[in-house]
Amino acid sequence: MSPLLLADLTVFTLALLVGFEVISKVPATLHTPLMSGANAIHGVVLIGVMLLAATVTDISGYILLAIAAFFGAMNVAGGYVVTDRMLAMFRSRR
Amino acid sequence: MNTTIHLVYLACAVSFVIGLHLMNAPATAKKGNRISAAGMAVAIAITAVVLVRDHTMTTGAVVALVIGACAGGLAGLIAARRVQMTAMPQLVSLFNAVGGGAAALIALGEPAASNQAAVTGVLDVAIGGVTFTGSLVAAGKLAGRIPGRPIAVPFGRPIMAALTLVAAALGVWFVAGDFNQWLLAGVTVAALAAGVLLTLPIGGADMPVVISLLNAFTGTAVAMAGFVLESTPLIIAGGLVGAAGAILTKLMADAMNRPITAIMAGGFGTGDAVAVAGGSGAASVREITADDAAIQLAYAGKVVIVPGYGLAAAQAQHEAVALAEALTERGVEVTYAIHPVAGRMPGHMNVLLAEANAPYPQLKDLEESNPEFARTDVALIIGANDVTNPAARRPGNPVSGMPILDVDKARSVIVLKRSLGHGYAGIDNELYADPRTAMLFADAKAGLAALLAGLHAYAG
């Protein structure tokens, strides 16, 4: 295994452990917003799509890139906005 | 400069963790989501800066990236802003689908440069492919475009096994051979088919858990894409969501008292209960007219409203709140008893009622509500079924052990429901045969409007 892969695996494993720990006793009320918020975070895939853009050079690559960019941007933009809208409903009234 | 970039990425990863953590509590949840969003914006901006600085993109790639990202971002924003709160679960599922799709496309577009990239690339397209079609089917089921009942695919299991074998064989060939991208495309096709086969047999009621599980899958696929690209932010955020999503899935499944293995096996949870008026337990139920029910509500001291899936499906939250307000004005004490899995997703009912401006202090969860029923005059159940079935207190039936709302402790019960059709568990609700229970057969929206009209006409 290359040192780079080892470093990546370490980071991945620790990220998994943090993910397990960071979600604790969540009230059921927040299950849906929390799922939606986590959904928005994997919109980070857009950054991966941007890195992909640096390597594609032909027309089939461009088409694939455009679709991937569409998907990734939709995930990240829509994900955060819809979570925000959900959470806006929780403010206490009266 | 590269050190700076890595430190910025690290700060963004920290903001995701802090953001998710703050979302554990209602008071800080909104702030948490915004912190996470800010981190994401910074991460995207710094990546754009790096791309521009390095001049590695061809003009074609810049055009494709900008057009794709702008169109996708706009589509996501518009959908997120316009969506009805009742349609929100399927939108989240759609966003999850495109996230998985993007992750899979990354591995397809980036020729594998090393064994590491090849192995993780196979995992990426396999997991990403399954979540893409799986989430689309889940969204279709929630939106009613695909029937919510479990759909048995002929020879589903052998086909699934064959697809898994084919994908594994192609994947091994890809890694062991010369990284031919067509083999990777073959794995993707098998994964796309598997995603459909996996989700079709699962009933609509179990969709929330399935979406949460697919959300965890997408996180993992994104982490794999991170390995392919050797990009730390993808690995961190993907791993974080993969693990957090898995825990959340377990929490949701626990709240519904449904083991995840049973959900994935499919077959339970129809999502659209068959309307069989006067079903098996017809002999002993008592019907009531909307006007009689309205009078009973008007002269009660304390009313507890129990909203369920039927209310969410009929989008009757505004009518329910209007009725509650009218009763409150008459001096009736009104609260809502919200079961953890009421509605279409855990927590969904709170969102719907809050949207309709139900005062937050009136929304009570299971633990707060149950002691209240003993001093409740009327429990008004709107489109909820299994979560009120006293049979859950006895062993030996499909709802055994499920936490229920103790509505049968109330002095009287009015059930507003379309029919005596079964809930997801597929069994009779003993509550309906109770002599203190009266059935008001109507669609939730129409029934609540009739109750409100009755209230104004007879008790004004």
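## Annotated spans of chain A

Residues 36–56 of chain A are 71% helix and 0% strand, with their end C-alpha atoms 31 Å apart; helices here are DSSP runs of H or I of at least four residues, strands are runs of E of at least two, and both are numbered from the N terminus. UniProt, in an unreviewed entry, places the feature "transmembrane region" at residues 6–24, 36–56 and 62–83 of this chain, with positions given in the numbering used here, feature names shortened, and annotations that may be inferred rather than shown by experiment. Over residues 62–83 of chain A, the chain is 100% helix and 0% strand, and the end C-alpha atoms lie 31 Å apart.

This is a predicted model, in which local features need pLDDT of at least 70 and side-chain atom pairs count only at pLDDT 80 or more, while totals for chains, interfaces and linings use all residues. Residues are numbered from 1 along each chain as its sequence is written, chains are lettered from A and ligands numbered from 1 in the order in which they are written, and side-chain values use heavy atoms, leaving out hydrogens and water.

## Annotated spans of chain B

For chain B, the unreviewed UniProt entry gives "transmembrane region" at spans including residues 35–52 and 91–109. Residues 35–52 of chain B are 100% helix and 0% strand, with end C-alpha atoms 26 Å apart; for residues 91–109 of chain B the content is 100% helix and 0% strand, and the end C-alpha atoms are 27 Å apart.

## The contact between the chains

Chain A contributes 78 residues and chain B 102 residues to the contact, which is counted for heavy atoms within 4.5 Å. Between them the two chains bury about 8000 Å², 77% of it on carbon and sulfur atoms, where buried area is the accessible area (1.4 Å probe) that two parts lose on being put together, summed over both.

Across this interface the rule finds 2 salt bridges, each defined as a side-chain nitrogen of Lys or Arg within 4 Å of a carboxyl oxygen of Asp or Glu. Arg34(B) and Asp84(A) meet through their side chains in a salt bridge, at 2.9 Å from N to O.

## Two partly exposed positions in chain B

Val14(B) lies in helix α1 (residues 2–22) of chain B, and it counts as partly exposed because its relative accessibility is 41%, between the limits for buried (under 20%) and exposed (over 50%), with a 1.4 Å probe and protein chains only.

Ala168(B) belongs to helix α6 (residues 156–176) of chain B and, at 44% relative accessibility, also counts as partly exposed. Ala168(B) and Val122(B), 46 residues apart in sequence, are 8.9 Å apart in space, C-alpha to C-alpha.
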